[in-house]
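Here is a short briefing on a two-chain complex. Please read it beside the sequence and the 3D view.

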Amino acid sequence: MMRFSTLLKKPAEWMRSAGPDHEIVMTSRIRLARNLVDHPFPGWARKEERLALMEEVKPVVEELGEMKDAFSEEMTNLSAIEKQVLVERHLVSREHAAKGPGCATVMNRKQTVSIMINEEDHLRMQSIQPGLQLLRAYRSLDQIDSELESRLAYAFDTRYGYLTACPTNLGTGMRASAMLHLPGLVLSEQINQTIQGANKIGLAVRGLYGEGTEALANLFQISNQTTLGRSEEDIIEHLDRVIRQIIENEQNARLKLLEDKPTMLQDQIGRAYAVLRHAHIIPSKEALNLLSLIRLGSDLGVFGEEDREVINVLLTEIQPAHLQIEAKRKLDAEERDVLRAEIIRRNLKGLTEPKFGDILSNRDTDDE
Amino acid sequence: MKCDVCQSEDATVYFSQLIEGKLKKVNLCKSCAEEKGVTDPTGFALADMLQGLGQESVAEKRNAPGDRVCDECGFTQSDFKKTGRFGCSHCYVVFAEGLESLLEAMHKNTEHHGKVPKRYEATKAFRERLAELREQLQGAVSSEDYEEAARLRDAISKVEAEEQPQEDNDSAE
């Protein structure tokens with residue numbers, strides 16, 4: 001088994017590597033909900049029943065080929081900060097982190113697959129991939145699910161599909177989602193239109209940490225709402241199509257900003273650079289939003305291509321629990337703001353001054 | 001406050017109506033409100049809406065005042081009203097009545113078309129074959145092709161006799 005400290009030292013694979021369309025799509029995620037027959041759902045089960053289910057399921061999950069040398073732990077054995085780290089890395093849900101006895105999490109070494117036991121459903125498994133590759137994420141999870149299905153008696157109905165605690169997840173039990181970086185649509189004030197458009201065709205758009213969270217760092221999670229009535233592949237194909245359209249809109253919005261408001265864009269990116277390079281106290285929200293502008297600058301060629309990875313890792317490493325793990329002690333908000341600024345300065349040391357010349361002069365020649 | 005229908009978006013539309021002398025309230029998010037036609041008062045009845053939530057189903061009125069209880073896990077209809085979640089997989093059988101309209105409000109279609117676990121594949125194929133034959137039988141009867149109808153009726157009993165599904169405990173029908 002992998003130690004928690006080892007897990008913490010390494011950033012997740014999807015934070016480091018680049019996937020298709022990675023400029024705009026940070027990650028693709030698939031979540032499957034599964035339950036066992038003859039066991040009450042976790043929310044209704046008594047403590048002993050939850051514990052018994054965990055004892056039955058956890059060894060089976062640990063024996064999966066994918067879970068060789070995995071990290072596996074009961075949630076009650078983790079400190080509040082450790083649980084929060086897992087939430088900040090999107091490896092467990094906020095709800096799961098808040099749960100008591102009988103809840104466990106198993107995740108692979110690469111941190112690309114995590115399986116929560118006794119979340120809202122008996123099993124909530126997730127696969128996360130960099131860039132836009134929803135189908136790939138699904139295929140890898142589908143295989144794991146088939147392995148588990150041969151050893152666990154799933155609650156399934158031929159008419160309603162996989163039976164879930166909440167009827168909103170019935171059928172496939174699948175939630176497919178992608179994390180999109182949309183600074184162009186935000187700066188050009190087209191984001192609300194985009195969100196409403198997605199809502200109209202049955203897709204949900206949420207902030208960085210899911211339901212009811214703020215859209216920080218210009219990051220938006222888009223996902224399917226309905227799970228019953230269409231196959232997994234159909235749901236993914238539909239979502240994929242919409243995401244490609246949003247990518248195109250975002251690219252157009254960026255081009256239009258370069259065309260219509262080049263000075264505003266230079267000012268925003270230049271200010272982000274100045275503040276992040278020189279601040280000594282920086283709150284989370286400000287840091288996230290400024291890092292988003294550096295990432296945009298990197299997409300536009302204002303900074304080097306290699307700087308994007310640094311930003312991707314920083315987006316997670318400057319979150320409160322990650323800071324406290326780094327400091328090896330509990331920090332109050334003010335101490336966190338100081339450490340956050342320090343880590344950002346250290347990581348962005350090599351970031352050269354923004355060079356707007358090329359992109360703006362290219363535009364000039366385009367106009368002629 | 002969350003929307004009573006989708007349970008995920010924040011409610012922004014609050015709707016009250018008098019039904020049989022009692023004030024009923026529903027909280028909805030914008031998109032569910034539009035979908036339900038709440039914005040068009042002439043075409044909207046709160047009673048239908050509540051039925052969709054499994055709160056005032058015909059069956060419940062008939063069985064009133066007893067609250068339906070799941071015989072496996074002890075979960076009740078009122079627990080569902082409170083949490084929006086079921087107690088165990090068997091609840092889908094116990095609370096099957098009224099479930100269809102609830103699912104219609106949540107999903108585009110109420111029949112699963114995705115992955116099927118191996119040990120349910122035979123059951124699923126069996127049910128689909130039966131459904132197909134029954135549909136053909138209907139067609140034959142309505143076009144008064146009694147010879148074909150007789151043939152189909154025999155085919156149905158043959159399938160039923162041969163392929164008893166092994167695993168049907170969780171059928172919600």
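In what order do the elements of chain B run from the N terminus on? The order is β-β-α-α-α-α-α-α-α-α. That comes to eight helices and two strands. Helices (H or I, at least four residues) and strands (E, at least two) are DSSP runs, numbered from the N terminus.

This is a predicted model: local features need pLDDT of at least 70, side-chain atom pairs count only at pLDDT 80 or more, and totals for chains, interfaces and linings use all residues. Residues are numbered from 1 along each chain as its sequence is written, while chains are lettered from A and ligands numbered from 1 in the order in which they are written.

**Confidence**

- The predictor gives the complex an ipTM of 0.84 and a pTM of 0.79.
- Chain B has an average pLDDT (the predictor's confidence in each residue, from 0 to 100) of 74. In chain B, 68% of the residues score at least 70.
- Among the elements of chain B, the lowest mean pLDDT, 42, belongs to helix α3 (residues 58-63) of chain B. The highest, 92, belongs to helix α5 (residues 91-94) of chain B.
- Two residues are in contact if their C-beta atoms, placed from the backbone, lie within 7 Å.
- Residues 54-64 of chain B are also below 50. This stretch has 18 contacts in the model beyond near neighbours in sequence.

- Of the 173 residues of chain B, 25% count as buried. A residue is buried if 20 or more other C-beta atoms lie within 10 Å of its own, exposed if 12 or fewer, and partly exposed in between; C-beta atoms are placed from the backbone.
- Take the contacts in chain B between residues at least 6 apart in sequence: 37% join residues at least 24 apart.
- Between the chains, the contact takes 36 residues from chain B and 35 residues from chain A.
- On the chain B side, α6 (99-106) and α7 (118-142) of chain B each supply at least two residues. α7(B) gives the most, with five residues.
- The chain B side divides into 12 nonpolar, 15 polar and nine charged residues. Ala, Val, Leu, Ile, Met, Phe, Trp, Tyr, Cys and Pro count as nonpolar, Asp, Glu, Lys and Arg as charged, and the others, Gly among them, as polar.

**The sheet of chain A**

- Eight strands of chain A form an open, antiparallel sheet in the order β2-β3-β4-β5-β1-β8-β10-β9. Two strands pair if DSSP finds at least two bridges between them.
- β2 (71-74) and β9 (203-206) of chain A are the edge strands, each pairing on one side only. From one strand to the next, the twist averages 15 degrees.
- β2(A) pairs with strand β3 (residues 104-107) of chain A over four bridges, in the antiparallel sense. S72(A) stands opposite V106(A), and E74(A) has A104(A) as its bridge partner.
- On its other pairing, β3(A) runs antiparallel to strand β4 (residues 113-117) of chain A, again with four bridges. Here A104(A) stands opposite I117(A).
- β3(A) and β4(A) form a hairpin with five residues between them. In the turn, Q111(A) has a positive phi of about 60 degrees.
- β3(A) is covered on both faces. A104(A) and V106(A) are buried on one side, T105(A) and M107(A) on the other.

**Helix α13 of chain A**

- In helix α13 (residues 320-327) of chain A, the residues A321(A), H322(A), L323(A), Q324(A) and I325(A) are buried.
- Their cover includes α1 (4-9), α4 (80-88), α12 (307-317) and α14 (333-347) of chain A.
- The axes of α13(A) and α14(A) come within 10 Å and cross at roughly 80 degrees. Therefore α13(A) is roughly perpendicular to α14(A), a label for angles of 65 to 115 degrees; under 35 counts as roughly parallel, over 145 as roughly antiparallel and the rest as oblique.
- P320(A), L323(A), E326(A) and A327(A) in α13(A) meet R336(A), L339(A) and R340(A) in α14(A). These residues divide into four nonpolar, no polar and three charged.

Conventions
Axes fitted to C-alpha atoms, helices over the stretch in contact; angles between N-to-C directions.
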